[in-house]
Every structure is written in structure tokens, then in C-alpha cells.
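This report describes the interface and selected side-chain pairs of one model. The sequence and structure are shown first.

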Amino acid sequence: MNIFAKKQPDTPKSQAELIYDAFQRKERQFRGNVALSWIFLLLFLVFLFSGQELTIGGITFSTIKIDRTFIGENMVFIAGGLAETIKISLLSITLATILALLAALGRLSTVPPIYALSTFYVSLIRGTPLYLQIFFFFLALPQLGIVLPGLWAGVIALGLNYGAYMSEIFRAGLSSVGKGQREAAMAIGMTPGQTMLRIVLPQALRFAIPPTGNEFIAMTKDSALVAATGFVHELMWRATKVGRAQFHNLEALIMAAIFYWVMTLLLTAIQSRVENRLSKGDR
Amino acid sequence: MVPIVNISNLDKYFGRLHVLKNISLDVAPREVVCIIGRSGSGKSTLLRCINFLEEPSAGVIEVDGVKVEGGEKGREHRQLVHDIRLKTGMVFQEFNLFPHMSVLDNVIEGPVTVKGMDRTKARELGEMNLDRVGMLFKKDEYPNRLSGGQKQRVAIARALTMEPRVMLFDEPTSALDPELIGEVLNVMKKVAQEGMTMLVVTHEMGFAREVADRVLVMADGEIIEDRTPTDLFASPKDPRTQALIDRYRSGGG
């Protein structure tokens with residue numbers, strides 16, 4: 001007698017359960033294979049930069065050699081830019097969110113100058129490069145006697161730029177709230193202000209949070225452009241500084257790339273969690 | 001008896017379309033008035049003009065002593081419209097519950113935000129009204145977890161919690177699956193029996209016959225009949241009324 005034999009369930013599975021099980025097995029298998037392939041690709045990348053030499057059939061191949069001592073020596077310096085990168089991103093997304101909300105509300109306004117101001121802002125910002133805008137606040141304004149610290153020039157430029165793009169998200173959020181909601185609020189005697197604040201905005205914001213997360217992730221990467229001003233010591237600035245000085249740009253940029261990538265992965269994970277929570281229940 | 005709702009010489013235009021033509025109507029306290037008519041006859045617009053969800057083009061609306069002229073603008077007018085909305089509760093075809101609030105929060109939103117009522121007191125009042133419509137057991141649920149009939153009952157409780165003098169129902173059962181209509185009509189019947197003044201735009205002839213004190217028939221922006229349901233259904237005067245009744249008899253929507 002085999003004492004390790006699995007105990008048989010009392011009732012055999014129905015056909016629906018069997019089909020469902022098979023479907024789930026397939027799903028699991030697919031995800032497992034994708035994960036394995038990812039690991040393989042990652043290992044391949046590591047191998048590509050490992051500096052190994054191997055001889056196949058008399059021909060010697062060598063992979064890219066990177067200077068490990070340089071990495072060890074400059075790790076702390078480059079990692080020191082993380083805090084600055086996160087700081088710029090957080091400040092900019094805050095400014096962008098406020099501007100986007102104002103621009104979206106302006107876009108819904110029936111007062112011509114307000115509507116015009118909103119569309120003018122969005123058109124001007126979307127019609128010019130972000131890189132130019134950063135330089136404008138950092139290099140052009142001093143000519144008028146306005147000297148902004150590098151960090152603030154960057155934050156204002158990024159905030160203005162993302163605010164213009166994000167205003168579309170907020171506008172979509174506001175118009176996703178049906179007319180019936182406003183009418184129901186008005187019927188119980190709420191003022192237009194109360195209706196906006198208590199009924200429309202909460203629903204619009206819930207709609208806008210996931211895409212705002214995407215913008216935030218994009219912004220952490222675009223914050224690298226601020227390095228061009230030369231006065232904000234964030235990741236990209238630090239990487240190019242040590243890279244150029246010691247002609248080790250390859251190593252320095254790889255290090256910065258890894259930092260950005262890991263940051264993006266973490267933020268994406270956080271975002272999908274927030275999204276899951278929002279989509280659950282009370283919709 | 002002094003009417004609680006008095007509409008005189010009400011006109012409403014949508015652009016060039018004349019949807020309400022010089023309508024005058026009195027409703028006595030505790031009276032239940034059903035308004036029937038084909039779609040496009042102006043019955044919903046009439047109801048929505050009473051609480052100014054539609055601004056009347058001309059005419060006067062008076063509800064429980066608050067008298068508002070249509071077609072006006074300005075601060076004073078807005079205040080009067082606000083006052084008239086506090087006198088009236090409205091129930092919509094599409095329920096329009098606030099999806100981001102629990103059932104109880106939906107019901108107490110008005111008293112707390114509009115009337116500045118203390119939350120504890122509002123909650124007591126809200127729970128009492130949820131109980132009235134048989135929805136107290138779902139007070140902590142969110143609207144998306146309710147059936148259509150349950151949503152509409154909560155919407156009725158939300159309107160009642162504002163303690164209005166007049167309830168306006170705009171096709172309250174038209175968006176419901178047939179098997180859910182009964183529970184909503186029962187609640188409405190109960191509210192009527194408790195003495196609420198009600199104006200009900202509806203296609204439910206059974207309800208009109210059983211609960212209404214008067215039935216108005218609207219066609220082309222005018223009230224073509226205004227009689228007790230017994231009279232109306234026994235001997236419709238206007239051929240358009242006859243056609244309407246026949247259509248419902250034969251089971252058409």
C-alpha cells in the first residue's frame with residue numbers, strides 16, 4: 001500500500017472546474033516562462049558587460065569590459081543624486097498637479113478670458129521643447145535680472161510642462177462625471193462650489209490618479225534633463241561629472257541607468273497597487 | 001385649500017422649440033398627481049422646471065410660499081431657487097446616487113453639507129429614512145453593490161432626508177428591470193400614504209390608477225386632461241388620451 005498516495009477528493013470535479021483549472025494552469029505556465037525569459041535576458045546583459053573572453057572554434061570573442069574599481073569608487077557619489085532626483089520629481093509633480101487641475105477647470109469655464117488663459121498655456125507649453133523650457137528658466141531669466149536657483153528653475157519648468165500635458169487627464173476626469181451627478185447635487189440644494197468640491201472632484205480625481213502615476217514615473221526620468229543646467233546635483237549630473245572627468249562614461253551611465261530603472265520598477269509596482277485598490281469596490 | 005404648488009403661465013423654450021405652452025397648475029397639500037404622456041410631450045420638463053433644474057423661460061413657480069419668477073438672473077434669484085430646492089425632493093430615472101459615498105453618506109450629504117446639520121443628528125435622521133424605504137440593512141454598502149430597485153429606494157430616502165414639502169419623481173421606474181419595479185412603487189405608495197405631496201411623471205398606469213388623486217395627461221407642451229384616475233380611465237375625452245391608454249393596455253411601453 002502506498003501511504004504517500006494523494007487522498008482522492010470525495011466528489012469528482014465538474015467539467016467547468018476542470019476547464020477552469022486547465023485555463024489557470026496555462027496562465028501560470030505562461031507567466032512562469034515569461035519570468036524565466038526575463039531572468040535569462042538579464043543574465044545575458046550582465047554577461048555582455050562581464051569582460052569575459054571565450055574561444056569558440058578557434059575564434060576568440062570578448063565581451064565588454066567595464067572598470068569595477070571605478071564603479072566601486074564612485075558608487076556613493078552617484079547614489080547621492082537619488083535624493084535630489086526624488087526631490088525634484090516630487091516638487092514638480094505637486095506643481096504640475098495644481099496647474100493641471102486649474103487648467104482643466106479653466107477649460108470648462110464659460111468665461112472667455114479664463115478659457116483662453118487655459119488653452120493658451122497648454123498650447124504654448126506643448127508647442128515648445130521641455131529642454132528649451134528648462135534652459136529658459138535657468139539661462140534666459142537671469143538676463144532679466146531674475147536668478148532662480150537651479151533646482152527651482154528645473155522644478156518650475158518640469159511643473160509647467162507636465163501641468164500642461166496632465167490638464168488633459170484632469171479634463172477627461174472631470175467630464176467623466178455625468179450630468180446626473182451635478183443635477184442630483186443641485187436638487188438637494190448644493191451650491192455649484194459644493195457640487196464641484198464634494199461630488200465632481202472626488203470622482204474626477206479617482207479617475208485621474210492612475211494616469212497621474214504614469215506621468216510621475218515619466219517625470220522622474222525627465223528630471224535628468226535638469227542636469228543640463230549644471231547646478232542640480234541629481235543622478236544624471238553626477239554620472240556625467242565623474243564619467244567625463246575620468247573618461248569612464250560607459251560605467252557612469254550604466255550606473256545611472258540602473259538607478260533610474262530600479263526606481264521606475266519600484267514606482268510602477270506602487271502604482272499598480274494603488275490602481276488595484278482604487279478599482280476595487282466602490283465604483 | 002391653499003395650494004402648496006402653484007404654477008402659473010409657465011413657458012419653456014429649448015432654442016426655438018416651444019416645449020411648455022402657458023401651463024398653469026395647482027397642487028394641494030398631500031395630493032398625489034401623476035403626469036402621463038408620450039415622450040416629448042413636455043412632462044419631464046414641467047417637473048424639472050418646478051425645482052429649476054430647467055430654468056423656465058417665463059412664468060411663476062411657487063412652492064410652499066417661495067415664489068420664483070422664471071427667466072430672471074442675479075443673486076436674489078439664485079437664493080430663491082436655492083430655497084425652492086430645499087422645499088422639493090427629487091428622484092431621477094437614473095437614480096444618480098453618488099458612487100464614491102456609502103449609502104448612509106449619500107443620504108446625509110444634503111443635511112450635513114447644505115443645512116449644516118450635526119453629523120450624529122443627520123445620521124439618526126438618515127437611518128430613519130433608510131428604514132422607511134427598507135434599505136437600512138445596506139447603509140454601509142456602496143451604490144455599485146445594490147440592485148436598481150435598491151438604488152432607487154436609497155435615492156428616495158436621500159430626497160426624504162432633506163425633509164421636503166413636495167416630492168418630484170421623474171420616471172422613477174423607467175430604468176428598472178420589470179421585476180424590480182414593484183418594490184419602488186410600494187415605497188412610493190407608502191410615502192404617499194404618509195401624507196407627502198407628490199408629483200410623479202410615470203408610465204405606470206396601475207400606480208396612477210391606484211395611488212393618484214389626479215392624473216394629468218400632457219401632449220405637445222400642454223395639459224390636455226386633468227381628472228381623477230377613475231374618470232380618466234373610464235372615459236378619456238381626448239383621442240390622444242385614448243390612444244395612450246390603449247397603448248398601455250396592450251402592453252406597449
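## Extent of the interface

In this predicted model, chain B and chain A bury about 1,900 Å² between them, and carbon and sulfur atoms give 59% of that area. Three residues of chain B, namely R85(B), F98(B) and H100(B), supply 27% of the area that chain B buries against chain A, more than any other three residues.

Counted by residue, the contact draws 23 residues from chain B and 20 residues from chain A.

## Polar and charged pairs across the interface

Eight residue pairs are in polar contact across the interface of chain B and chain A, with both residues of each pair at pLDDT 80 or more. The elements of chain B that give two or more residues to the side touching chain A are α2 (75-87), β6 (88-91) and α3 (103-114). Of the residues on that side, α3(B) contributes the largest share, with four. By class, the side of chain B that touches chain A comprises eleven nonpolar, eight polar and four charged residues.

Side chains of opposite charge can pair when their charged atoms come close. Two salt bridges are found across the interface of chain B and chain A. In a salt bridge between E109(B) and R198(A), the N to O distance is 2.7 Å.

## Salt bridges over all chains

Over all chains, the structure holds 22 salt bridges. One of the salt bridges joins E31(B) to R214(B), with the closest N and O atoms 3.1 Å apart. This pair links distant parts of the chain, since its residues are 183 residues apart. E31(B) lies in the loop between β2 (17-27) and β3 (32-37) of chain B, whereas R214(B) belongs to strand β9 (residues 214-219) of chain B.

## Domains of chain A

The domain assignment divides chain A into domain 1 (16-62) and domain 2 (82-232). Taken over C-alpha atoms, the centres of domain 1 of chain A and domain 2 of chain A are separated by 41 Å.

## Aromatic pairs

The count of aromatic pairs over all chains is three. One of these is the edge-to-face pair of Y131(A) and F135(A), at 5.0 Å centre to centre and with 90° between the planes. Both Y131(A) and F135(A) lie in helix α5 (residues 130-140) of chain A, where a spacing of four residues places them about one turn of the helix apart.

Methods:
Residues are numbered from 1 along each chain as its sequence is written. Chains are lettered from A and ligands numbered from 1 in the order in which they are written. This is a predicted model: local features need pLDDT of at least 70, side-chain atom pairs count only at pLDDT 80 or more; totals for chains, interfaces and linings use all residues. Side-chain values use heavy atoms; hydrogens and water are left out. Contact means heavy atoms within 4.5 Å. Buried area is the accessible area (1.4 Å probe) that two parts lose on being put together, summed over both. A salt bridge is a side-chain nitrogen of Lys or Arg within 4 Å of a carboxyl oxygen of Asp or Glu. A polar contact is a pair of N or O atoms within 3.5 Å; within protein, one must be able to donate a hydrogen and the other to accept it, and residues adjacent in sequence count only if both atoms are side-chain atoms. Ala, Val, Leu, Ile, Met, Phe, Trp, Tyr, Cys and Pro count as nonpolar, Asp, Glu, Lys and Arg as charged, and the others, Gly among them, as polar. Domain bounds come from an automatic or database domain assignment. Rings of Phe, Tyr and Trp (its six-membered ring) pair if their centres lie within 6.5 Å; planes under 30 degrees apart count as stacked, over 60 as edge-to-face and the rest as tilted.
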